[in-house]
Every structure is written in C-alpha cells, then in structure tokens.
Amino acid sequence: METAAAPPADLAARVADLSWYHVLDLPGGITTPGWFDLRPSTTVVPLPASLAGKRCLDVGTWDGFWAFEIERRGAAEVVAIDIDDPQRWDWPPQSIVGGAAKDRLTFLEGFKSQAAGFRLAHEALGSKVERRDLSVYDLTPQEVGTFDVVFLGSLLLHLRDPVRALGALRSVCSGQAVIADMVDLIPSLLRPRTPSARLEGLDQSWWWLPNRAGLLRMVESAGFQIDEATSIYYVPTGPAHPPAPLRSIPKGLLTPKGREQLIMHWRGLPHVAVRARPLG
C-alpha cells in the first residue's frame, strides 16, 4: 500500500527544516531548495521513457531524484543505494576531515542527515522505492540480485577507484546501464578524442575529473559496450547552493579548479551521460 502524502502545509514546514542536495517537486506545489537541479537532465539523459516491468537500481541516490524519476517511469521495483555516514564516504580524506575537522563533519552529517531528505520525499510521494545503506563497491549479485536497468549519476568523480565501481555495477547489470557524470570541460573541448583525467584528491570532494573521452574510456574499461553517449550538458545549481564570491572571479580564471567553479556558477556542472550494456 502506498504511503499517504503529507498534508501540504505540514510538508512545507518539514521541507524547510532539512538541508537538500536535490531540487525535488513534491505534492502541493512544494519544491525542495536543493544544491543542484537535475530536472532539466531528464530530457537529456538516455534513460528509457518507459521502464514498465523492469527491476531498476539507482546508485548514489542521496535525496532520491533519479530513484523517484525511475519509479515515475513505471519500474516494477526500484532499489536505491547510498552511504549515510560521511566517514564511510570514499571522498578524499582532507575533504572530510581536513582543516576544521569537527565543523566539516558536522556540516556533512547535517547535509545528508541520515537520509532524512530521502525519507521525507519518499513519504510525500507515496513511493515504494527501497533504499539501502550500501557502497557501490559492495554491489554483487549475491547481495542485491541483478537488475534490468542500473543508473549511476554524479558519483564517479567522488570515488578513488571509479573503474572498480563501474565493474561492480556491471556485475549486477543484466540489461543496460545509464551512467551520467561530471566531466572536465576545457580538456573535453580541446582534446575531444584523447582520454584524460585530472586528479584532485585533496581539499575538494572529488578524485578524478575526466574529459568526455576519458569518461567513455572508463565505462568501456569496466567491460561495457556504449550504445549511446550525449554531448556535454549542464546541471544547474539550485537555490541552496552558495553563490560565487565576486572577488574570486579574476583569480579563478588562472587555475583549472577556479575556472571549473566559475563555469559551475555560470552554466552549471558539465556532464556527459551514456547508455551501455555489459559485454559477455
């Protein structure tokens, strides 16, 4: 039985009490004030329009945007996985405990709030998505079974071993995989046919930032055959994302990381999405 949607007035107050990563449309005309707005991506990412009868997996679900979108497209069953405790995230250590470690951990723990945003959206939408606290690295057929469609969004850049993660994804994919992730814009434009990736791994929340060719190579290296790949599209920031300080603009133009931040605030996060199927 579906859970009844929360009354709009009560829902608005509960939404306002939480920190949100995703912009989500909830009943009663309520929209969550997320850091990133994935809604325009639904017309770009090569996810089948109908998932009727399919068993589907959403990896790195956070507030559940793609899990609920997959469910909306008619999936028979949706499993969503993510890690609730930031100390178990595969982010660079300095990005979690560097600097003012206590303040940073407090912020991250409050940001995800043990999946409170997902649970509230799940309740409000009357969703049947099953959420599990599980790392992508631990995906196996024995643990979760296999899926007709697996989706992974904006996660690879946060992982120390993205190809290993894609290999785990492949092990539970019996049909097709849709993988959407951030890419390094300038190398994608200047070296469109040469796979490359920039290593960060320090105070930012990401390890590897590939160009478009690099992302495609990662997917292929993990044992997938790519059937479709998008050009670069942008994921805009949401209302909760901090604005870029004006004083940072001149200096930001001088470094790859600075240019990346400026592009994010101007256009959004550059992404590429692929639809692939496991070899063998």
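Visitor: What lines the second largest pocket?

Guide: In this predicted model, the second largest pocket is lined by Val23, Leu24, Asp25, Leu26, Arg39, Thr42, Phe65, Phe68, Glu69, Glu71, Arg72 and Leu125. Its volume is about 270 Å³.

Visitor: Which element gives the most to that lining?

Guide: That is helix H2, with five residues. Strand E2 (25–26) and H2 each supply at least two residues.

Visitor: How many residues of each class are in the lining?

Guide: The lining of the second largest pocket has six nonpolar, five charged and one polar.

Visitor: Let's turn to the inside. What makes a set of residues a nonpolar core?

Guide: Its members are buried residues of the nonpolar kinds listed for a core, joined through side-chain atoms within 4.5 Å. The largest core here has 46 residues, and Val45, Leu47, Ile70 and Phe151 touch the most other members. Helix H2 (residues 65–72) gives this core its largest share, five residues. A second, separate core of 33 residues includes Leu57, Val59, Leu159 and Ile179.

Visitor: Which residues does Ile70 touch, leaving out those up to four places away in sequence?

Guide: Among them are Leu47, Leu51, Cys56 and Phe151.

Visitor: Why is Pro192 called partly exposed?

Guide: Pro192 has 44% relative accessibility. Buried means under 20% and exposed over 50%, so a value in between counts as partly exposed. Pro192 sits in the loop between helix H8 (185–190) and strand E10 (197–199). Leaving out residues up to four places away in sequence, Pro192 touches Pro187 and Ala213.

Conventions
Residues numbered from 1 in each chain as written. Predicted model: local features only at pLDDT ≥ 70, side-chain atom pairs only at ≥ 80, totals over all residues. Heavy atoms only, no water. Helix = DSSP H or I, 4+ residues; strand = E, 2+ residues; numbered from the N terminus. Buried < 20%, exposed > 50% of the residue type's maximum accessible area, 1.4 Å probe, protein only. Contact = heavy atoms within 4.5 Å. 1 Å grid on protein atoms, 1.4 Å probe; cavity = no way out; pocket = protein on both sides within 12 Å on 5 of 7 lines; lining within 4 Å. Points joined across faces, edges and corners; volume = space filled by probe spheres on them. Nonpolar A, V, L, I, M, F, W, Y, C, P; charged D, E, K, R; others polar.
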